[in-house]
Amino acid sequence: MAVCSQRLSWLYLQISLILLYLTYTDAFIRPSLLRNCHHRAAERHEPAVFSSTTRLLLADPSSSPNVDEDSTKSPSLVTSFLKDKILLGIDPSPELAAIVTIYFVQGALGLARLAQTYLLKDTLHLGPAELSGLTGLFSLPWTIKPLYGFLSDGYKLFGYRRKSYLIVAGLLAGVCYLLLGTDLVWDSLDASTAMTGTVIALTLASACIAMSDVVADGIVVQETQKYANDDKVAGGLQSLCWGAASAGSILSAYYSGSLLEVLSVRNVFGITAVLPFLVAAISFGVNEQKDRNAAVDENNDSSVAATRADEASIETGSTKSQGMQEQLDLLWSALRKPSIYKPAAFIFLWQATPTADGAFFFFLSNDLGLGPEFLGRVRLLTAGAGLVGVFLYQTYLKTASIKNVLFWCTLASFPLGMLPVLLITHVNRALGIPDTALIFGDDAALAALGQISFMPTLVLAARLCPPGIEAVLFATLMSINNAAGTLGTELGALLTKMAGITGDNFDNLAWLTVVCNVSSLIPLLFIDWLDETEGGDNAKTVNGLDKAEHAPEICETSVSGLK
């Protein structure tokens, strides 16, 4: 099993690197060479002449005297192949390469997920309750995503609204991971200072990743508008983003554990630092016009230019302020409607139930003696099961009632959520069921059901968004969802503390598992709140998952069973 998982992950990695290289070459190198050759030729007042090697790389028909002028406009073979077969009808561009890379990196950042857990557990010597509490803290930056959107839309950084935020966020996240991966930084610190520094670094890295996610969403919206008259291509862009994130998640799932078998925890953080740095580097290729008011016109008098810039800044700032105020007023007006706040409240309750994940990780590691490589295989399996869940929902359930899907998935998950009790009490061994078989089967089934139940929440969030504030309200609803997940993690940490569960005492873990699992049924008492949207006016504009596909938050949501 380990050999098959390793070979499959290595094959995925090779294919992804090849596709990334081809996309990068065609989106960056080819246009750059063309511009440079023509620029140098223009300086010499001569026609551009390409060498045979350059002509082969560029596949530029204009370099051949036997090709007419119209044929020079035809795309290269590599471009045609990428556009039609891989990029789902979308033209290769630096913006597309940046978007795909950002989503891939966000999925691949799971490479450090197990390293983060082992860092808190083994290096900082935290117990199950403390680990769960800090895990919730690290997800807090994802609960204020609308703030990042307002910041990026309303205030330009170094003259740019998108590019500069991506670069700064990528650099800061990379530095945080690099510091976490450097032994020399932490060896000389005492335990308290090391704990504080680790928490700050992980929280700041999480905030930077959340910011890059929001900015990438904005770029996706802009690119989607270019294909407003072609639903197939517009949907292809969304699918491409999801595919990139899924590929990154699957590739990092197994290696998040296997690398810890041969490298230290901090070494894995050092490797992971490459990913946000990659986002910062590729963001330079984003085609965004710099704000003209950010620089002084050299041909004008400096005082006149400064006066004009101030006037333009005041006018622009006033317009932005009015626009933001209008957005806030519309958002508040929408949230006060029962057709919006009742379903949103149900989503919050559904996600806010406590979880015993932190304590269960300690049980798997300390009691059963399962190592990081096995846990990496479990993550790989659950990532694949999640994709199966998406396929099942898209194929069979996307036209079903959201209320019915959530109700029956929650009920189906209840007996599966009770199976860990057999593992904790070792009853499975008496029944002849191996520990690993029970873990694989239970996690795979719960991951698939969890994804099936999460997809309708995206559809529900999309249905709730009235015209004019679709983006900000959707981001707000997803932030509510993330905040509920954070609350559930913190409640689980509190219950773990109350149960007296430690790194070597799991006497009450079965009790905690039962309590958390039973609590997942409580939101069903309020499921009628979803009747506000079933068949409502907002639902008429949504066909299946079409509108919900504009929700990259699915990639950041960890589904470990139903909550």
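**Close-up 1. Lining of the largest cavity in this predicted model.** The residues around this cavity are Ile102, Val105, Gln106, Leu109, Ala169, Gly170, Ala173, Ile209, Ser212, Pro276 and Val279. Two or more lining residues come from each of helix H4 (94-108), helix H8 (163-180), helix H10 (191-226) and helix H13 (274-282). Sorted by class, the lining holds eight nonpolar and three polar residues, with no charged residues. The volume of the largest cavity is about 60 Å³. Across the whole structure, a search finds two cavities of 30 Å³ or more.

**Close-up 2. Lining of the second largest cavity.** This cavity holds about 50 Å³ of space. Phe360, Leu419, Pro420, Leu423, Leu438, Ile439, Asp442 and Asp443 line the second largest cavity. Six of the lining residues are nonpolar and two are charged, while none is polar.

**Close-up 3. Leu458 in helix H20.** Helix H20 spans residues 435-464 and includes Leu458. Leu458 has a relative accessible area of 2%, and is therefore buried. Between Leu458 and Phe474 there are 9.0 Å from C-alpha to C-alpha, and the two are 16 residues apart in sequence.

**Close-up 4. A nonpolar patch on the surface.** The patch is formed by Leu349, Ile522, Leu525 and Phe526, which together have about 370 Å² of accessible area. Ile522 is found in the segment after helix H22 (509-519). With a relative accessible area of 46%, Ile522 counts as partly exposed.

Conventions. Residues numbered from 1 in each chain as written. Predicted model: local features only at pLDDT ≥ 70, side-chain atom pairs only at ≥ 80, totals over all residues. Heavy atoms only, no water. Patch = residues over 30% accessible without salt bridge, like charges linked within 9 Å, V, L, I, M, F, W, Y side chains within 5 Å. Areas by Shrake-Rupley, 256 points an atom, 1.4 Å probe, with all protein chains shown as cover. Salt bridge = Lys/Arg side-chain N within 4 Å of Asp/Glu carboxyl O. Helix = DSSP H or I, 4+ residues; strand = E, 2+ residues; numbered from the N terminus. Buried < 20%, exposed > 50% of the residue type's maximum accessible area, 1.4 Å probe, protein only. 1 Å grid on protein atoms, 1.4 Å probe; cavity = no way out; pocket = protein on both sides within 12 Å on 5 of 7 lines; lining within 4 Å. Points joined across faces, edges and corners; volume = space filled by probe spheres on them. Nonpolar A, V, L, I, M, F, W, Y, C, P; charged D, E, K, R; others polar.
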